[in-house]
Amino acid sequence: TASIVSVLCEALVKLSRGVLLEEMAANFWTSTQHTRWLNADVNNLHPDDGAMTQSELKRLKLRHTHAIQQLGQRLQLPQRVTATAIIYFRRFYVRRSYTVRENDPHLMIPTCLYLASKMEECPVRASVIVLCTSDLGLQRDGYPYTGEHVLANEFRLLEGLQFYLVVFHPYDELPALVRDAGLEDLLDEAWSAVNDSYGTDLLLLHPPHVVALACVLLVASMHGREQQLIDWFSGLDVDLKEVGDAAAVLLDMYTLWSETGSSTIEQLMVKFWRRS
């Protein structure tokens, strides 16, 4: 049964990959990222998640997002693969419960990275991803999953994503925006800010170029160079309030991360497991 599911998933991924290439050749505005996923209700708590608050879920998702980042680094994958995996993870839990018994995030983490590695044409074997996942310390009593679990879980992930796998990232537009703003010396910092933005739901709420602009604004402000951006922003066809709102979300994430120590995460994990 597992092999049949795996073959079916491979066929679906190949089909989705063809759709992805067609959409990427077009543009964001006609893509399923815009038509199906933008402005997702990220604050909608699933009925089975009612025992947790929005703040607690935010902290857990931030922790699990960081785990995907760590996993991508251990596997030496391109940042785009890791970023796509994080978007899959966040999209999945927009409409699905975060409870262990239904959709265990600790299994969804390697599954998202496995699917993203295939969609971004950097495939990694499920067994290799699981081996690295087991070293992340996600569960106190040892990591219980194998590569076979990931393969069997892939179809659940595809269903949760409704087979819409296209992801446009802020990375594509960032260098040109930074250069046009005359902030070439801040490109590395802006790039890091984009990486950090995946700790939020920004790409489920705003187009990639808005997220990129929010990161440029944030980095420029940190260096006291926001005045340099005023005239430049006025010449852009963009909603400045939307850019400011996105930058505020990123700032809130940094605050949340700084306030979420290892002890807080441990307490949330214990509460999380007790609900399973």
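Predicted model: local features only at pLDDT ≥ 70, side-chain atom pairs only at ≥ 80, totals over all residues.
The expected span of a helix is 1.5 Å times one less than its number of residues. Helices here are DSSP runs of H or I with at least four residues, strands are E runs of at least two, and both are numbered from the N terminus.

Residues are numbered from 1 along each chain as its sequence is written, and side-chain values use heavy atoms, with hydrogens and water left out.

How confident is the predictor? The score to read is pLDDT, the predictor's confidence in each residue, from 0 to 100. For the protein the mean pLDDT is 85, and 84% of the residues reach 70 or more. Confidence is lowest in helix α1 (residues 2-25), with a mean of 51, and highest in α10, with 96. Over residues 17-25 pLDDT stays under 50, and for this stretch the model has 13 contacts (heavy atoms within 4.5 Å) beyond four places in sequence.

A residue is called buried under 20% relative accessible area, exposed over 50%, and partly exposed in between, using a 1.4 Å probe and protein chains only. By that scale α11 is mostly covered, since 12 of its 15 residues are buried. Among them are Pro 208, His 209, Cys 215 and Leu 218. What do the buried residues of α11 pack against? Their partners are α2 (32-37), α9, α10, α12 and α13 (240-259). After α11 comes Gly 224, with a positive phi near 65°.

Helix α4 can be read in the same way. Its 17 residues should span 24 Å, and the end C-alpha atoms of α4 are 26 Å apart, which agrees. Of those 17 residues, 14 are buried, so α4 is largely enclosed by the rest of the structure.

Next, look for aromatic rings. A pair of aromatic rings is described by the distance of the centres and the angle of the planes. Rings of Phe, Tyr and Trp (its six-membered ring) pair if their centres lie within 6.5 Å; planes under 30 degrees apart count as stacked, over 60 as edge-to-face, and the rest as tilted. The whole structure holds 11 aromatic pairs. In one of them, the rings of Phe 89 and Tyr 98 have centres 6.3 Å apart and planes at 85°, so this pair is edge-to-face. Phe 89 is buried at 0% relative accessibility, and Tyr 98 is buried at 1%. Ring pairs also link Phe 89, Phe 92, Tyr 93 and Tyr 98 into a cluster.

Charged side chains make links of another kind. A salt bridge is a side-chain nitrogen of Lys or Arg within 4 Å of a carboxyl oxygen of Asp or Glu, and the count by this rule is 5. One of them joins Asp 172 to Arg 80, with the closest N and O atoms 2.4 Å apart. Asp 172 lies in the loop between α8 (147-160) and α9 (174-180) and Arg 80 in helix α4 (residues 79-95), so the pair ties together parts that are 92 residues apart in sequence. Asp 172 is partly exposed at 45% relative accessibility, and Arg 80 is partly exposed at 25%.

Another salt bridge brings together Lys 118 and Glu 154, at 2.7 Å from N to O. Because Lys 118 lies in helix α6 (residues 105-119) and Glu 154 in helix α8, this pair ties together parts that are 36 residues apart in sequence. Where do these two side chains fall on the scale, buried or exposed? Lys 118 is buried at 14%, and Glu 154 is buried at 0%.

To finish, visit the loop between α8 and α9, where Gln 162 is found. Gln 162 has a positive phi, near 55°, although it is a residue other than glycine. Phe 163 lies in the loop between α8 and α9 too, and its phi is also positive, near 65°. Gln 162 is partly exposed at 38% relative accessibility, and Phe 163 is partly exposed at 33%.
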